[in-house]
Every structure is written in C-alpha cells, then in structure tokens.
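These are my notebook entries on one model, written down in the order in which I looked things up. I keep each entry to what can be checked against the coordinates.

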Amino acid sequence: MEKQFWSNPRPFEVAPERITRYHGDGVSGGADPYADVAGSGSYPSGHTNQGYWKAILLADMLPEFAPQLLARASEIGHSRVVLGVHYPLDVMGGRIMGQAAAADRLADPAFARLVDEAAVEVRAVLEAEAGAPLADVAASDVPYTLTDGDLYRDHMTYGFEQVDPSLVNDIPAEAAVLLRTAAPDLGVEERLQVLRDTAIEAGYPLDEAGPDGGWLRIDLVAAHEALAARG
C-alpha cells in the first residue's frame, strides 16, 4: 500500500495544537475520525481517490452534470484537509490516483459496458422523476456551486508555486476515455487535445516529466465546460 510505503505522519499527529478537531455522530460519519486513522500514513488520500473515481464514473453516466459532480469530489478531498487528517499534497495525489483508476476501468470494454447499462437505468429514473430530459434539467437547474471551475482548479494545486516551470510532459493517452460520453463523436486524439487545451501548466508539485506524466495537469471541469460550449 502507498500509505505504508511513504509512511508520512498525519497533520493532527504532527501539529495537534494547530488542528481544530471535528467529530461525527457515529451514524452519518465516524464518531472519532482521528482514532480511525491514527498511526497510519497520510499520503495519498484514499478518501480523495475514491471521491474522484466515483465522481468521474457518475460524470461518465451523466455528463450534463459533470462539473457539479467533479466539484463535489474536489470538496470531498478538501474536507480531509479541513479535518486535519491530510495535507494538500495528499489530496492532490489522491486526485491523480482517482483519475488514473477511473481511466483504467473505463478502458476495459466489459466494465464500460456495465457502466453504460447503469447509465441507461439512472437516466431513466432521473428523467421520470424530473419529467424532462436531463439536458433540459441541467440547463435550467441551479448548479451545485456557482464557481465549479474556480473551486476545482484551486484544489488542483492549493496555491503551490511551480517547482519546475521548465518541466515538459503530455496528457496521458489513457486519459482520453474520461471524455468518452461527453464527446462521443470525437476521436481519441481529439479528446486528448481538449484535455491539453484545458490543462494547467506543467511543473507543479507531484507533476511528472515525460510523454504520459501529465495526470496532475488534467482539469476535467474545464474540459467538460469546453465541450459543452461547443454545443
């Protein structure tokens, strides 16, 4: 496991006097989230990883709501910083893992077929409840947050400066599948170009050099918004 490999102590254990502790009710959340993770490594954030890959799969099923779903995943990751159980770099690493995990699963035809079948069911239920096509609902609905893109991008780097502005990489080819339902008429290279055009600059912490090192740079909210603007 990555946490055991890095074995980085958590914020509330390193600087307990600087952490405001929050406790759950034991029903909707752990009664003592600190006891649950005490002594375990902080990097990367597993909750963030799960939040992103689940949100990405939901966005794949419901691309009309992708920015809101992804913004929620971003907030799930940020909540771990607020709790004092993770550092920003843990959350950034979790996002990278979540994206890569979702891309790996969606690249499997058997798994993608199951996701497609689930999407048909979910869409049918939601449209029956809404009484309208989801595209119309998305166009008229109040977004989860009015600043989806800003929120998402803030949590991509947490305000860190570029550590190596000269670093050169590219968006991994495997990431093209993350836009498969948002841009079904585009080919792999065209989807990759959308991801390149909307990505942040290279060289931030956890970014890697090389032709497939740009997982950190992928701004999925901006990519979905760019595709929506195309019509």
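Is Ile-171 buried or exposed? I find that Ile-171 is buried, because its relative accessible area is 2%, where buried means under 20%, exposed over 50% and partly exposed in between, with a 1.4 Å probe and protein chains only.

Before going on, I note that this is a predicted model, in which local features need pLDDT of at least 70 and side-chain atom pairs count only at pLDDT 80 or more, while totals for chains, interfaces and linings use all residues. I also note that residues are numbered from 1 along each chain as its sequence is written, and that side-chain values use heavy atoms, with hydrogens and water left out.

**Entry: around Ile-171**

I located Ile-171 in the loop between helix H9 (148–157) and helix H10 (188–198); helices here are DSSP runs of H or I with at least four residues, numbered from the N terminus. Setting aside residues up to four places away in sequence, I listed the contacts of Ile-171 (heavy atoms within 4.5 Å) and found Leu-192, Leu-195, Arg-196, Ala-199, Pro-211, Gly-214, Arg-217 and Ile-218. I also checked Arg-191, which is 20 residues from Ile-171 in sequence and 11 Å from it in space, C-alpha to C-alpha.

**Entry: the nonpolar cores**

Which residues have the most contacts inside the largest nonpolar core? They are Leu-178, Leu-195 and Leu-220, in a core of 44 residues, a nonpolar core being a set of buried Ala, Val, Leu, Ile, Met, Phe, Trp, Tyr and Cys residues joined through side-chain atoms within 4.5 Å. At least two residues of this core come from each of H4, helix H5 (66–83), helix H6 (88–106), H7, H9, H10 and helix H11 (220–230). I then followed Leu-195, which, leaving aside neighbours within four places in sequence, is in contact with Ile-171, Ala-175, Ala-176, Leu-179, Ile-218, Leu-220 and Ala-223. Another core, of five residues, lies apart from the largest one, and its members include Phe-12, Tyr-34, Val-37 and Leu-83. As background, nonpolar side chains tend to be buried together in soluble globular proteins.

**Entry: aromatic pairs**

Phe-12 and Tyr-34 have ring centres 5.1 Å apart and planes at 70°, so I record the pair as edge-to-face. Because Phe-12 lies in helix H2 (residues 11–14) and Tyr-34 in helix H3 (residues 33–37), the pair ties together parts that are 22 residues apart in sequence. Phe-12 is buried at a relative accessible area of 5%, and Tyr-34 is buried at 1%. For Tyr-52 and Tyr-152 the ring centres are 6.0 Å apart and the planes stand at 70°, so this pair is edge-to-face as well. Tyr-52 in helix H4 and Tyr-152 in helix H9 are 100 residues apart, and the pair links distant parts of the chain; both tyrosines are buried. I also noted one aromatic cluster, formed by Phe-5, Trp-6 and Tyr-43.

**Entry: H10 against H11**

I looked up which residues meet here, and found Val-194, Leu-195 and Thr-198 in H10 against Leu-220, Ala-222, Ala-223, Ala-226, Leu-227 and Arg-230 in H11. By class, this contact has seven nonpolar, one polar and one charged residues, with Ala, Val, Leu, Ile, Met, Phe, Trp, Tyr, Cys and Pro counted as nonpolar, Asp, Glu, Lys and Arg as charged, and the others, Gly among them, as polar.

**Entry: backbone**

Most residues other than glycine have a negative phi, and most peptide bonds are trans. I found the peptide bond from Tyr-43 to Pro-44 to be cis, with omega near -10°, and Pro-44 sits in the loop between H3 and H4. Tyr-158, in the loop between H9 and H10, has a positive phi, near 55°. Leu-206, in the loop between H10 and H11, also has a positive phi, near 80°, and is partly exposed, with a relative accessible area of 30%.

How values were computed:
Rings of Phe, Tyr and Trp (its six-membered ring) pair if their centres lie within 6.5 Å; planes under 30 degrees apart count as stacked, over 60 as edge-to-face and the rest as tilted.
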